[in-house]
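Take a look at the model first, then work through the solutions.

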Amino acid sequence: MRLIPVALALFYRKLANNDLDVWVQVRTDDGPYHGLLEFPGGGIEPGEEPLAAAVREVEEEVGIVISPHDGKLMGTYSNEFPGKTILLYVFLFPESADLAGKGKWLRIEKENLSEVYRGQIPTPNHKIINDLYAILQKV
């Protein structure tokens, strides 16, 4: 079984009413998530630290420069596929004004969490978003 490490950058903003916004962009590559709303991210290069990969992927995919000092590891998630396992390193970043016009914010509300976006976001991202919502309720 091949292990593929991937770094994701999850931009978020917590709202006063305990709702949450997460930033996504339309995936344009030819992979399994083509056309879905996805967090910026991609493969970690040999010798590269996961946080550095997340920062690099944001610059490559979104066209903005972010500071690694702003990133915090939320957790790791494992996704099994035939013949390979994708290990996702998810880093949280605060909202950035530089994201304007480059993607969109999805509203996450307590009643439905990410379920309202079923079919619009990759299946593994539901757990990530719902976990983030739970984490932020404790803060």
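**Exercise 1.** Which residue forms a salt bridge with Glu115, and how far apart are the closest N and O atoms?

*Solution.* Some ground rules: this is a predicted model, where local features need pLDDT of at least 70, side-chain atom pairs count only at pLDDT 80 or more, and totals for chains, interfaces and linings use all residues. Residues are numbered from 1 along each chain as its sequence is written, and side-chain values use heavy atoms, with hydrogens and water left out. Next, the criterion: a salt bridge is a side-chain nitrogen of Lys or Arg within 4 Å of a carboxyl oxygen of Asp or Glu. The partner is Arg118, with the closest N and O atoms 2.9 Å apart.

**Exercise 2.** Classify Arg118 and Glu115 by accessibility: buried, exposed or partly exposed?

*Solution.* Start with the cut-offs: buried is under 20% relative accessible area, exposed is over 50%, and partly exposed is in between (1.4 Å probe, protein chains only). Arg118 comes out at 44%, so partly exposed. Glu115 has 43%, so partly exposed too.

**Exercise 3.** Trace the salt bridges of Arg56.

*Solution.* First, Arg56 pairs with Glu48 at 2.8 Å, N to O, and both of these residues are buried. Second, Arg56 pairs with Glu60 at 3.2 Å, N to O. Glu60 and Arg56 sit four residues apart in helix α1 (residues 50–62), about one turn of the helix; a helix here is a DSSP run of H or I, at least four residues, numbered from the N terminus. Glu60 is exposed at 53%, whereas Arg56 is buried at 16%.

**Exercise 4.** How many salt bridges does a search of the whole structure find?

*Solution.* The search gives 11.

Terms used
Helices (H or I, at least four residues) and strands (E, at least two) are DSSP runs, numbered from the N terminus.
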